[in-house]
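Please read it alongside the sequence and the coordinates.

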Amino acid sequence: MDITEVPVSQDSTGKKKKNKKPKKKSPEGNAEGSGVEKEEEKMEKSEPGAAAFPPTFSVSEIKNKQRRHLMFMKFKQEKRKQKMQLKKKKKKEREALGDKAPPKEVPKTIENQRVFDETMVDPEDEEVAFDEGTDEFSAYFNGLTNPKVLITTSDRPRGRTVKFCEQLATVIPNAHVYYRRGLALKRVIPQCVARNFTYLMVINEDRKMPNGMVLCHLPDGPTAHFKISSVRLRKEMKRRGKDPTEHSPEVILNNFSTRLGHSIGRLFAALFPQDPQFVGRQVATFHNQRDFVFFRFHRYIFKNEKKVGIQELGPRFTLKLRSLQKGTFDSKFGEYEWVLKRHEMDACRRKFQL
Amino acid sequence: MQHDDVIWDIIGNKQFCSFKVKTKSQGFCRNEYNITGLCNRSSCPLANSQYATIREEKGQCFLYMKVIERAAFPAKMWEKVKLSKNYEKALEQIDENLIYWPRFIRHKCKQRFTKITQYLIRMRKLVLKRQRKLVPLSRKVERREKRKEEKALIAAQLDNAIEKELLERLKQGTYGDIYNFPVHAFDRALEQQDADSESESEEEEEEVDDEDVGKREFVADEEVEESDLSDFEEMNKLRTSSDEEDQDEEEEESSEEEEEDEEEEEEMETKTKASRSKGKSPANGSVARKKRAYVEIEYEQETEPASKSRTT
């Protein structure tokens with residue numbers, strides 16, 4: 001078998017070299033009959049187009065898997081070689097020009113290539129400003145209410161979730177942790193409202209790990225449902241400092257750019273009291289990157305006005321928004337402002353919602 | 001002919017019955033028409049030609065009856081009677097239908113009916129309470145999301161972003177007068193430049209002094225330090241305001257860390273000093289003093305590594 005195969009493959013490599021030319025040209029959009037001539041122009045080993053393969057030839061039409069694979073590898077190698085040559089040429093040009101060389105191109109990142117979202121908020125947009133002046137958070141942002149947060153869990157929380165809730169309560173000033181005891185949320189909410197709570201936070205647990213959070217702004221505010229991932233408790237942090245003090249932290253909200261992102265940003269901002277105590281030098285950060293909101297809690301110190309040192313205290317976790325519902329928690333009859341629909345929204349890698 | 005005893009002899013005791021499930025202590029009957037669920041002579045629906053049961057279908061209870069007259073017609077063997085939803089009325093119905101039937105069957109029917117109504121009530125109550133909805137996770141999706149999250153974390157460069165934001169806020173003056181860095185950055189830059197020029201000039205002077213100091217090392221170190229101090233006083237005045245405040249505001253941990261940083265910088269300083277200027281490794285006593293003067297300058301040049309060592 002082997003003996004007979006070798007000559008066959010050699011032949012086929014010979015054929016391949018001829019095959020390469022038409023194959024290369026055809027994917028480059030050259031479906032008309034003039035493929036043969038163009039090959040001769042381009043290729044160094046310009047055998048006359050006697051091997052006149054039909055111009056619509058492509059690698060995928062070879063039925064034999066091994067041969068097809070080999071052809072494809074060769075194709076790729078050629079492409080790579082061309083790319084390297086191009087790069088070298090460019091580099092030489094750049095060196096030759098020296099100072100007059102055109103500036104280096106900016107590399108493409110996902111953030112650069114982000115699909116334009118028409119709900120991006122313009123900082124001076126009046127409509128947005130008007131909306132925000134009259135929405136459910138306006139009371140907070142006008143300084144009328146002080147945040148008071150109730151943190152609870154789903155039924156029968158395990159140790160990790162309990163510790164997480166306790167640490168959250170130290171991070172958020174004026175937060176209280178209560179044991180759930182199998183109560184229905186719809187009955188809990190009126191009681192909270194009666195006791196002047198502004199926020200209800202429910203940490204959902206699955207297999208001894210916190211994995212979801214329902215954040216409900218109380219006097220009929222919006223309810224957001226998040227997925228929590230990568231929770232790191234305080235003792236798992238490397239090089240952390242002492243425990244956070246009772247001072248109110250500052251809040252940093254990064255990259256909440258669309259309309260939806262804006263409302264979520266305000267949701268987070270209203271968790272903390274309006275006037276942070278700078279003496280405490282603590283800062284809570286919600287950073288949105290590609291629809292993941294990273295929460296960090298740091299203590300900072302200014303060494304001079306060009307340098308600041310930060311040290312991470314406090315728990316860290318990542319949130320991903322699953323749904324935003326108007327009104328307080330009502331999963332059946334609530335009016336959903338936004339729901340994560342995986343098939344539509346995850347299809348494009350450059351499109352983000354927040 | 002229906003010979004109940006023969007049937008029971010065969011299936012109940014000796015040979016095989018496909019509905020029988022035997023455990024160590026009990027035998028159970030899996031026949032759906034069985035009234036008690038146990039494998040007994042009186043509860044076996046196959047071995048009793050006159051038999052009755054209660055069965056429930058979608059919340060509705062029915063009374064099934066089998067009599068010997070219909071034993072030859074398997075399709076019509078069981079008579080099905082719908083029972084009323086009212087508990088007492090249903091019990092009366094059972095009594096009325098099973099009149100003259102053996103006591104055992106009547107009693108067991110009523111017991112079974114009671115049990116069934118109880119569990120139906122409980123089902124209806126549970127529906128009103130909180131329902132837990134289980135949402136299945138797709139493993140592929142979870143894996144994808146995890147990877148995306150990791151990449152997003154790397155792209156986010158959180159520490160840099162936070163530091164930038166804090167410095168922005170400092171520049172904009174949101175912190176007010178707590179930190180006594182002068183607000184205008186370019187004033188500061190000017191001062192830095194002046195300081196640089198001054199320090200350079202002082203370095204030259206020091207070189208001369210340093211040579212002298214080197215010579216006098218063995219004799220009168222401390223006096224020389226005092227004279228060095230006087231040279232440095234001007235430098236210190238320019239710097240002490242910020243330095244003192246820095247040190248006041250530092251808490252112990254961060255001050256320790258700063259000291260470590262300063263030590264690092266000191267090492268770097270000494271290296272660069274050696275490389276930059278001529279043999280300037282003066283008496284170690286004055287290095288402590290000089291360190292304060294030069295620290296600010298070293299920041300300019302070695303900001304990058306220092307900040308890298310600080311961030312986690």
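## A buried histidine

A:His287 is buried, with a relative accessible area of 4%, where buried means under 20% relative accessible area, exposed over 50% and partly exposed in between, computed with a 1.4 Å probe on protein chains only. The residue lies in strand S7 of chain A; helices (H or I, at least four residues) and strands (E, at least two) are DSSP runs, numbered from the N terminus. The side chains of A:His287 and A:Asn254 are joined by a polar contact of 3.1 Å, a term that stands for a pair of N or O atoms within 3.5 Å, of which, within protein, one must be able to donate a hydrogen and the other to accept it, while residues adjacent in sequence count only if both atoms are side-chain atoms. Setting aside neighbours within four places in sequence, A:His287 is in contact with residues of both chains, including A:Asn255, A:Phe292 and A:Phe294 as well as B:Ala156, B:Leu158 and B:Ala161, contact meaning heavy atoms within 4.5 Å.

## Basis of the values

This is a predicted model, in which local features need pLDDT of at least 70 and side-chain atom pairs count only at pLDDT 80 or more, whereas totals for chains, interfaces and linings use all residues. Residues are numbered from 1 along each chain as its sequence is written, chains are lettered from A and ligands numbered from 1 in the order in which they are written, and side-chain values use heavy atoms, with hydrogens and water left out.

## Antiparallel strands of chain A

Strand S3 (residues 199–206) of chain A pairs with S4(A) in the antiparallel sense over eight bridges; two strands pair if DSSP finds at least two bridges between them. Within this pairing A:Met201 stands opposite A:Leu215 of S4(A), and in the hairpin of the two strands, which has two residues between them, A:Arg207 takes a positive phi near 55°. Seven of the nine residues of S4(A) are buried, so this strand is largely enclosed by the rest of the structure.

Strand S4 (residues 209–217) of chain A also pairs with S5(A), again in the antiparallel sense, over five bridges. In S5(A), A:Lys227 is the bridge partner of A:Gly212, and A:Thr223 is that of A:Cys216. The hairpin of S4(A) and S5(A) has five residues between the strands, and there A:Asp220 takes a positive phi near 30°. Strand S5 (residues 223–232) of chain A is itself mostly covered, with seven of its 10 residues buried, and eight bridges join S5(A) to the antiparallel strand S9 (residues 307–326) of chain A, where A:Ser323 stands opposite A:His225.

Leaving aside neighbours within four places in sequence, A:Phe268 is in contact with residues including A:Leu215, A:Phe226, A:Phe286 and A:Leu319.

B:Phe113 and B:Leu120 are among the buried residues of H3(B), as are B:Ile105, B:Cys109, B:Ile116 and B:Thr117. What covers the buried residues of this helix includes S3, strand S4 (60–66) and helix H2 (87–97) of chain B.

## Salt bridges

A:Glu111 lies in the loop between helix H3 (65–97) and helix H4 (126–134) of chain A, and A:Arg290 in the loop between strand S7 (282–289) and strand S8 (292–304) of chain A, so the pair ties together parts that are 179 residues apart in sequence. A:Glu111 is partly exposed at 34% relative accessible area, whereas A:Arg290, at 18%, counts as buried.

A:Arg316 and A:Glu312 form another salt bridge, with the closest N and O atoms 3.0 Å apart, and both residues are buried. Finally, a network of salt bridges links A:Lys227 and A:Lys320 with B:Glu142 and B:Glu145.

How values were computed. Salt bridge = Lys/Arg side-chain N within 4 Å of Asp/Glu carboxyl O.
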